[in-house]
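Could you walk me through this protein, feature by feature? I would like to learn how to read each one.

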Amino acid sequence: MAWWLAACDTAPRAPAYSEARRLVDEHCISCHSKHPTERAFPIAPGGIVFDTATDMVEHAERIRVRVALDRSMPLMNKTGMTDAERQVLASWVTAGTPTATAAASIR
Ligand code: HEC
């Protein structure tokens, strides 16, 4: 079987909240936090924060648009986010932000 058919055989993977969390922590939280570490933004831009699972779920669709469609976040790709990472984060959103609600309750 052609490699691309084999690839299509596997059901699309729904990334876990922990994966999305790791990507947001690495690429977004320096600006989008109640306590940003990026000195240019002492206050989170637009008041948009991703500190908790609930925050991420609330802004999930905008996260997907800015990361995977516009590709306008991270700002000027300051944190060097890769295409593969963008796909994982977008898949977490299109899969319905799995396990985030459970994570929210323990945070
Ligand atoms: C270096 C700082 C910085 C980083 C890192 C960053 N952003 Fe932003 N973000 C901004 C600024 C500045 C704005 C406001 C201007 C704008 O909307 O382009 C913004 C606005 C936003 C908004 C609100 C506007 C809208 O489209 O609804 C979202 C959502 C967003 N960013 C998502 C993300 C995501 C997801 C990441 C990580 C993958 C990220 N940002 C990383 C600086 C940053």
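This is a predicted model: local features need pLDDT of at least 70, side-chain atom pairs count only at pLDDT 80 or more; totals for chains, interfaces and linings use all residues.

Q: How many helices and strands does the protein have?
A: Helices (H or I, at least four residues) and strands (E, at least two) are DSSP runs, numbered from the N terminus. Here there are six helices and zero strands, so the order of elements from the N terminus reads α-α-α-α-α-α.

Q: What share of the residues is buried?
A: A residue is buried if 20 or more other C-beta atoms lie within 10 Å of its own, exposed if 12 or fewer, and partly exposed in between, with C-beta atoms placed from the backbone. Of the 107 residues in the protein, 25% are buried.

Q: And what do the contacts say about sequence separation?
A: Two residues are in contact if their C-beta atoms, placed from the backbone, lie within 7 Å. Taking contacts between residues at least 6 apart in sequence, 58% join residues at least 24 apart.

Q: Which two numbers describe a pair of packed helices?
A: They are the angle between the axes and the distance between the axes. Axes are lines fitted to C-alpha atoms, for helices over the stretch in contact, and angles run from 0 to 180 degrees between N-to-C directions. H4 and H5 have axes 9 Å apart and an angle of about 150 degrees.

Q: What orientation do H4 and H5 have, then?
A: Angles under 35 degrees count as roughly parallel, over 145 as roughly antiparallel, 65 to 115 as roughly perpendicular and the rest as oblique. H4 is therefore roughly antiparallel to H5. Their crossing is left-handed (the near helix is turned anticlockwise from the far one by less than a right angle; clockwise would be right-handed).

Q: Which residues make that contact?
A: H4 supplies Ala60, Glu61, Ile63, Arg64, Val67 and Ala68, and H5 supplies Arg86, Gln87, Leu89, Ala90, Val93 and Thr94. For classes, Ala, Val, Leu, Ile, Met, Phe, Trp, Tyr, Cys and Pro count as nonpolar, Asp, Glu, Lys and Arg as charged, and the others, Gly among them, as polar. The contact of H4 with H5 has seven nonpolar, two polar and three charged residues.

Q: Is Arg64 buried, exposed or partly exposed?
A: Arg64 counts as partly exposed because it has 19 C-beta neighbours inside 10 Å. Setting aside residues up to four places away in sequence, Arg64 touches Ala90, Val93 and Thr94. Arg64 and Gln87, 23 residues apart in sequence, lie 9.0 Å apart, C-alpha to C-alpha.

Q: How does helix H2 (residues 17-27) meet H5?
A: The axes of H2 and H5 come within 9 Å and cross at roughly 130 degrees, and the two helices are therefore oblique to each other. H2 passes H5 in a left-handed crossing. Glu19, Ala20 and Leu23 in H2 meet Glu85, Val88, Leu89 and Trp92 in H5. By class, that contact has five nonpolar, no polar and two charged residues.

Q: Are Arg71 and Thr97 buried or partly exposed?
A: Arg71 counts as partly exposed because it has 13 C-beta neighbours inside 10 Å. Thr97 counts as buried because it has 23.

Q: Which residues come nearest to the ligand?
A: A residue is near a molecule if its C-beta atom, placed from the backbone, lies within 6 Å of it. There are 22 residues around the ligand, and Cys28, Cys31, Pro45, Arg62 and Met73 come nearest. The shell divides into 11 nonpolar, seven polar and four charged residues.

Note on methods
Residues are numbered from 1 along each chain as its sequence is written.
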